[in-house]
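Trainee: I would like to go through the chain interfaces of this model and check each term against its criterion.
Mentor: Go ahead; ask what each label rests on.

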Number of protein chains: 4
Amino acid sequence: MRAGIIGATGYTGVELVKIIARHSHLELSVITSESYAGKPFSEIYPLMQGVCDMILVENDLEEVSKKADVFFLCLPHKTAMESAKFLYEKGKIVIDLSADFRIKDKNIYEEVYGTDHTASHLLEKAVYGQAEIYTKEIQKTSLIAGAGCYPTSIITPLYPLLESGLIDDNSFIIADSKSGVSGAGRKPSLTNIFCEANEDLKPYGIFSHRHNSEIDFILSEAQKNTHVIFTPHLLPVNRGILSTIYFKTKAGKDELENTIKEKYKGRYFVRIKNTIPAIRYVANTNFIDIAVYKKDDTAIIVSAIDNLLKGASGQAVQCFNIMQNIEETTGLI
Amino acid sequence: MRAGIIGATGYTGVELVKIIARHSHLELSVITSESYAGKPFSEIYPLMQGVCDMILVENDLEEVSKKADVFFLCLPHKTAMESAKFLYEKGKIVIDLSADFRIKDKNIYEEVYGTDHTASHLLEKAVYGQAEIYTKEIQKTSLIAGAGCYPTSIITPLYPLLESGLIDDNSFIIADSKSGVSGAGRKPSLTNIFCEANEDLKPYGIFSHRHNSEIDFILSEAQKNTHVIFTPHLLPVNRGILSTIYFKTKAGKDELENTIKEKYKGRYFVRIKNTIPAIRYVANTNFIDIAVYKKDDTAIIVSAIDNLLKGASGQAVQCFNIMQNIEETTGLI
Amino acid sequence: MRAGIIGATGYTGVELVKIIARHSHLELSVITSESYAGKPFSEIYPLMQGVCDMILVENDLEEVSKKADVFFLCLPHKTAMESAKFLYEKGKIVIDLSADFRIKDKNIYEEVYGTDHTASHLLEKAVYGQAEIYTKEIQKTSLIAGAGCYPTSIITPLYPLLESGLIDDNSFIIADSKSGVSGAGRKPSLTNIFCEANEDLKPYGIFSHRHNSEIDFILSEAQKNTHVIFTPHLLPVNRGILSTIYFKTKAGKDELENTIKEKYKGRYFVRIKNTIPAIRYVANTNFIDIAVYKKDDTAIIVSAIDNLLKGASGQAVQCFNIMQNIEETTGLI
Amino acid sequence: MRAGIIGATGYTGVELVKIIARHSHLELSVITSESYAGKPFSEIYPLMQGVCDMILVENDLEEVSKKADVFFLCLPHKTAMESAKFLYEKGKIVIDLSADFRIKDKNIYEEVYGTDHTASHLLEKAVYGQAEIYTKEIQKTSLIAGAGCYPTSIITPLYPLLESGLIDDNSFIIADSKSGVSGAGRKPSLTNIFCEANEDLKPYGIFSHRHNSEIDFILSEAQKNTHVIFTPHLLPVNRGILSTIYFKTKAGKDELENTIKEKYKGRYFVRIKNTIPAIRYVANTNFIDIAVYKKDDTAIIVSAIDNLLKGASGQAVQCFNIMQNIEETTGLI
């Protein structure tokens, strides 16, 4: 199947190029870029010389749409929804890595992202791309709203627990998350230059990060009115997210652990650990590592992912694999 | 005044050497080391060549005690208590950077540290070395139990709030802390080698870190039976601790902030920020930066310190300054 | 074909495990460790959980030899030669990643490594494992002396130039090399702990690094009496080597570049670049990137490799592929 | 004496602010910024809260010139020469950290920097700010051309050797230099963002870096027609430069070392080492560490500095101290 990547030169784009290069069911047929059209991909990413020297083309969707069957959209929100609509209506499979179709409530979306949703009729068609939770829905759709990176690390362990009613107060769950700098994208700014991020750690978006709405929206599908107090931190590593999650519960460690295990039974990329998860154990993989701790009435869950793989491009391809009914690990190990 | 450092070649030792070198009231007169006795300090720390080339001597306390008036002890716990006792009983000023005199309840100490306390009669004489909270007591003592690094970052903002009864449930306060690798000391191990710590983040000591007892013990002096759920993380930076603290409260942001401000009024090293604290804003300084956030009934406090300065050697000298009734910033700016 | 790894828990071992896991012609059948025998590999490397949970066994060569057809030796020098001899004489294919069979002159070896060579009769059978230079010899041997990491980065570009007599003074070639900390191995020491390596750069082994003899020995096969002035530096990154090489030459940039290109024509893993090589362009790949610069009578060559892949485990498998007459990229892309 | 900093918000600016804050003969009286005028300095650098909360003002030189006696210029080249001229002609002491007055040959300057020199009549008044070489000239001038960072690390050890004619071929000296990312300034670009610089090393400006002309120009004052082959590399650390320098010589190690020692006898900030220099031994100090190695007819010199201190702001203040005939270490230790 021919694959296209719209907006291929960001960090999620290059990961997709790498995955597709070794994917037995996908052939990369078109890659686009606003800034670098006309240049070979390997000029932007010299590490790809000899692996992908394909020329980047402009984002002319009419033209581009002829060249592939499945499209991965690596675009900023708002731009993404327009491209998704166009391609979806051409009958293409669309896997959108932006936030545009993640929150199915148009009003919440518009408030959080401060923009009109101009393709809101597609919200009900889109399936949230957490691959292990929405597996059945993914099999039937051709529009994926790729799950956010922070949300993947938080939703995956909490969803089954909320579903089972094991969390005492589902409006006082704390998720203290730490993300590598690639999460801030490739656009230079004072926040992501080396000397300002190196040898540092700082929280940001306290009480106000957009992913909080996504987390709450999806987790409320497991248990109504769930609210997570979510604090992201910028961590001086290239890639990876670690979330430390705290809540009160009457359930024991085993019950919590078994509930998660049961939910994800047989799923290759979810690893329930009996040792402490760490970013370096999941970096450059599509795994999510989860461990459960309990003392008195407090539970701590630690989860770790690679923000660009399980948190973006890896899970996007995993969703594609599920959709195509092929081995979900194809191209990902 | 002549100053000695017992166990001078660890990371807290070298910071003390640097501070004393520019301290107008202290002159370094003796430095000891078990492993490096006979060598110049600058051979162990080449950065100190020309600054401190003093020869390290053995830990022969009888001999060493003659050579200084104030002693900073940078020793492992247990060894520290013996040395502290010896020097204290010789009439020396003792500033112990170990954990041996921090918890004044002998039983708790012995349980947490798994060893007998052989100088427990000094526990009541020792003053906990959080310089801004125990200022008056510090002025009157000659035995300081230097405050722990993590505890300093957590106790400093929480103490006044607990004292004022502003925290709803003082047994469900969450402190998610991240520390640079120097906190693990200079002894090589699989935990602190570069390739295992770099590009990584991981929690450790979940529900079981020794500093948790120290935090709870001291904060219970502000409000009885306080319990903090404390999770330390190993962060790939050389120095610095950032703690993100969560609790429920009916108080507003202003009340919380003002309570802390009032407590530390006029104290140079406590900065209440209206921007987000970060490790790089306090690294290589003796400051503690604190910011308060509030939404619905949840408060978040972010604090940051340099673990080797405000969290160890800097605060130790600050205590000495207070004790001597000189400017508390002497040698520290 | 069944593959065994002797000494599997170092950094080259884990890379071999990863490569073999995706190699279509190799199946991992036995892994050994002196320190961790009896434990699952994924306990030592939690990132491998679900990928390789095989139990490590002791280095009992008699037993182990029955379990595989090809053996990769990740052992310290001296120990390696004994194991290589044993396995080779059992008719096994042996790919030794130590230095024991790289220098074919027993006397030089013994002087440089300060130990007797107790398998010196095998020196003439062993082929130096720079895969693109010794291709024909590799096809015919069953004993590979895996090329050193620094040497690979220096020999690969210089060999063809020396062969063609393009370097003016082959006893005054300067190779200023910088290596990531994984090159120092996984054994904790004051050199490789985080706080001593991070935020630092320092040379070591000036005029005296063992790899210098290997470099000179191999390059002297291209042109007699070649001597490289080689200075390694410890670089605060996990993996990668970059070498900046300087020499005088009358040849122009094109002639130098074309000579290298011609030598490695059709070889996938050698990339002659027209942009500046960098460690991040080759990290986690088996590529060697090379670029040539010329001004007046001075040439500068910059080369970059991943020290654990092209500089060790990747090239070892590449040699195996060549030996087996299969696609040389198998398992490596 | 009142000190002003023009362009105070870059990395050299903040170092100057820190130094002046503890300098007994200087009082910071005015700081300017094009981008941040009207804001307190500590808003741009939160680490300075409580240390320097002075308000930044616009670069209105007429106004600004009234407010200080000595001016440190942290401006891009070209802009710097205009400001220097204005302030110098007002009778101010001017210490310019740009490249504008370093190369006294107008033609070379104009070729290298691609711009007219509009204050070339001041070239002969300006003194090159390598503090240990041009000490006497510095004492008599009121216009300093602050030495470049790379040049300081290379010129300091080589100058006395060239002066003494100890280098065999002074047109084939190789300086392989590695600099921390702060050398690239604080302006965000694809080169200096975290994910592109971290876990990497790459050379740049091969055969073409502007500092090469500065190095050659100054060293040719020691010995005519000196030419250094200079290759800078971008190193993933915040601060520091290490240069590894190679040349042929008939002189022995002792002669080389003694020549350097003799030249810098009694100078606090030059340390001739008998151990290997490293970036972490000089970071956050004004020292330059130098070590000499010799084998056969090749010498290797390793030097290390902090690029922002000895390579910029520290040496600038050192020059000021010399000029004022006060202790040269004032404010710098």
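Trainee: What makes the side chains of A:Asp200 and B:Arg280 a salt bridge?
Mentor: This is a predicted model, and in it the N to O distance between A:Asp200 and B:Arg280 is 2.6 Å. The cut-off is 4 Å between a side-chain nitrogen of Lys or Arg and a carboxyl oxygen of Asp or Glu, so the pair qualifies. Between chain B and chain A the count is eight salt bridges.

Trainee: Why is the pair D:Arg186 and A:Glu196 called a salt bridge?
Mentor: The closest N and O atoms of D:Arg186 and A:Glu196 are 3.2 Å apart. That value is within 4 Å, and therefore the term applies. Chain A and chain D have two salt bridges between them.

Trainee: Which helix gives the largest share of the side of chain A that touches chain D?
Mentor: Helix α8 of chain A, residues 194-197, with four residues. The whole side divides into 11 nonpolar, five polar and three charged residues.

Trainee: How many residues are in contact between chain A and chain D?
Mentor: 19 residues of chain A are in contact with 19 residues of chain D. They count because they have heavy atoms within 4.5 Å. For chain B and chain A, the numbers are 41 residues of chain B and 41 residues of chain A.

Trainee: What area is buried between chain B and chain A?
Mentor: About 3700 Å², with 65% of it on carbon and sulfur atoms. Of the area that chain B buries against chain A, B:Phe172, B:Phe207 and B:Arg280 supply 19%, more than any other three residues.

Trainee: What is the corresponding area for chain A and chain D?
Mentor: About 1700 Å² is buried there, and carbon and sulfur atoms give 62%. On chain A's side, A:Phe194, A:Cys195 and A:Asn238 supply 37% of what chain A buries against chain D, more than any other three residues.

Trainee: How many residue pairs are in polar contact between chain B and chain A?
Mentor: The count is 24, with both residues at pLDDT 80 or more. Several elements of chain B each supply at least two residues of the side that touches chain A, including β7 (173-180), β9 (228-235) and β12 (288-295). The largest share, five residues, comes from β10(B).

Trainee: What classes make up that side of chain B?
Mentor: It has 24 nonpolar, five polar and 12 charged residues.

Notes: Residues numbered from 1 in each chain as written. Chains lettered and ligands numbered in written order. Predicted model: local features only at pLDDT ≥ 70, side-chain atom pairs only at ≥ 80, totals over all residues. Heavy atoms only, no water. Buried area = accessible area lost by both parts, 1.4 Å probe. Nonpolar A, V, L, I, M, F, W, Y, C, P; charged D, E, K, R; others polar. Polar contact = N/O pair within 3.5 Å; in protein donor to acceptor, adjacent residues only side chain to side chain.
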